[in-house]
Amino acid sequence: MSNELLDIDPIDLQFPFELKKQISSSLYLANKTDDYVAFKVKTTNPKKYCVRPNTGVVLPRSSSEVLVTMQAQKEAPADMQCKDKFLLQCVVANPGATAKEVTPEMFSKEAGHRVEETKLRVVYVDPPQPPSPVREGSEEGSSPRASVSDSANVSDFTTAPRFRVDRLEPQENSSEARALITRLTEEKNSALQLNKKLQQELEQLKRESKRSQSGGGIPFMYVLLVGLIGLILGYIMTRT
């Protein structure tokens, strides 16, 4: 809605009604002239509403915001209908006028001032509905609707990386355990092979010792000792 001096938006003051809660609605005034325009806001129920500012000046080709606050109500009106109304008065002010210079006489028609008047209704609307909760057991891959509020995305995401790190630790421990088991198995196999080799060498030394004794050769114990020392030295060299 507009008059010759100001464009007014919205034409109705809408309040999302809730019991025992203060509710505010903004009114925007746009000066479409090259003059300074003074305004004043009146209401049929001044005890119920607070208007800031209730008087002021809109500069040429500029705009101003008026905040209308409804006091907390203890009871809901019948059929959610409101009979309250507002009256916006505006008049051309002197160049360079400020809000402090606005006086009640400026809006007196009896004094010959040209006063533009616009009536505004009060309309109660339904309050915004909270977001629907995510259903438990929702199908994988679905996109649950979430609230756009700061407390939930910080604990979960901040906890999400932490959660992923905690899940990685057992995997690292399992890798180390598997590596240890593999190394022990290899050492066990090496020890078994060495034992088998020693047994084979021992049998061979016994046979050679018998032949040496029959032919007057080197004693059996000496040959056995030399063979064992050689095997041990060979094992040590392969380990280093």
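Guide: Buried means under 20% relative accessible area, exposed over 50% and partly exposed in between (1.4 Å probe, protein chains only). The model is predicted: local features need pLDDT of at least 70 and side-chain atom pairs 80 or more, while totals for chains, interfaces and linings use all residues. Numbering starts from 1 along each chain as its sequence is written, and side-chain values use heavy atoms, without hydrogens and water.

Searching the whole structure gives 3 aromatic pairs (ring centres of Phe, Tyr or the six-membered ring of Trp within 6.5 Å; planes under 30 degrees apart are stacked, over 60 edge-to-face, the rest tilted). F15 and Y49 have ring centres 6.0 Å apart and planes at 45°, so this pair is tilted. F15 lies in strand 2 and Y49 in strand 5, 34 residues apart, and the pair thus joins distant parts of the chain (strands are DSSP runs of E, at least two residues, numbered from the N terminus). F15 and Y49 are both buried. F17 and Y124 form another tilted pair, with 4.9 Å from centre to centre and 45° between the planes. This pair also links distant parts of the chain: F17 sits in the loop between strand 2 and strand 3, and Y124 in strand 9 (residues 116-125), 107 residues away. Both F17 and Y124 are buried. A single aromatic cluster is made up of F15, Y49 and F86.

Strand 4 (residues 36-43) pairs with strand 6 in the antiparallel sense, over 4 bridges, and F39 stands opposite G56 of strand 6.

The other open sheet has 4 strands in the order 1-3-7-5, and its pairing is antiparallel. Strand 1 (6-9) and strand 5 (49-52) are at the edges, each with a single partner strand, so one side of each lacks a neighbour in the sheet. Strand 1 and strand 3 (residues 23-31) form an antiparallel pair over 4 bridges, in which I8 has L29 of strand 3 as its bridge partner.

Technical notes: Pairing = 2+ DSSP bridges.
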